[in-house]
Amino acid sequence: MRIYLIGAGVIARAHAAAAKLPEPAALRVADPNPAALESFRDAYPEAAAFDDAAKMLASEPARDDDIVIVATPPFLHLTGYGSRSAPAATRCARSRSR
């Protein structure tokens, strides 16, 4: 199982911690904020890190057991995240599930 986290802050860390139970999952994380990304990687050095969610999601073929989590503050879900809009991230996540 692979977990793709859009956002590298507190919400993403909670999901990453839960991903270790009962069986570890491969972590991927994207955040345009270099400090947030570095801090996440300090806590989870096994995670593959990206500065762009769309690039992260396009980096490898989708699998049936992939999970995409939008782990950004709620106000960013509607207004967009970095240079990418949240609806685009949602569309990208939905396309992985098909």
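I counted secondary structure elements first. The protein chain has 5 helices and 4 strands (DSSP runs numbered from the N terminus: helices are H or I with at least four residues, strands are E with at least two). Along the sequence I read the pattern β-α-β-α-β-α-β-α-α.

I noted the basis of the entries. This is a predicted model, with pLDDT of at least 70 needed for local features and 80 or more for side-chain atom pairs, while totals for chains, interfaces and linings use all residues. Residues are numbered from 1 along each chain as its sequence is written, and side-chain values use heavy atoms, leaving out hydrogens and water.

I found 4 strands in an open sheet, order 3-2-1-4, with parallel pairing (two strands pair if DSSP finds at least two bridges between them). Strand 3 (48-50) and strand 4 are at the edges; each has a single partner strand, so one side of each lacks a neighbour in the sheet. The twist from one strand to the next averages 15° (axes are lines fitted to C-alpha atoms, for helices over the stretch in contact; angles run from 0 to 180 degrees between N-to-C directions).

I then looked at strand 1 and strand 4. They run parallel and are joined by 4 bridges. Isoleucine 6 has valine 70 of strand 4 as its bridge partner.

Which strand holds valine 68? I placed valine 68 in strand 4 (residues 67-70). Valine 68 has a relative accessible area of 23%, so I list valine 68 as partly exposed (buried is under 20%, exposed over 50%, partly exposed in between, with a 1.4 Å probe and protein chains only).

Now the cores. The largest nonpolar core has 15 residues, and Ile3, Leu5, Leu27, Val29 and Phe40 have the most contacts inside it (a core is a set of buried Ala, Val, Leu, Ile, Met, Phe, Trp, Tyr and Cys residues joined through side-chain atoms within 4.5 Å). Strand 1 (2-6), helix 1 (10-18), strand 2 (26-30) and helix 2 (34-43) each give two or more residues to this core. A second, separate core has 6 residues, including Ile6, Ala30, Ala53 and Met56.

I checked phenylalanine 40 for contacts (heavy atoms within 4.5 Å). Leaving aside residues up to four places away in sequence, phenylalanine 40 touches Leu5, Ala8, Ala12, Arg13, Ala16, Val29 and Ala47.

Last, a chain total. Of the 98 residues, 37% count as buried.
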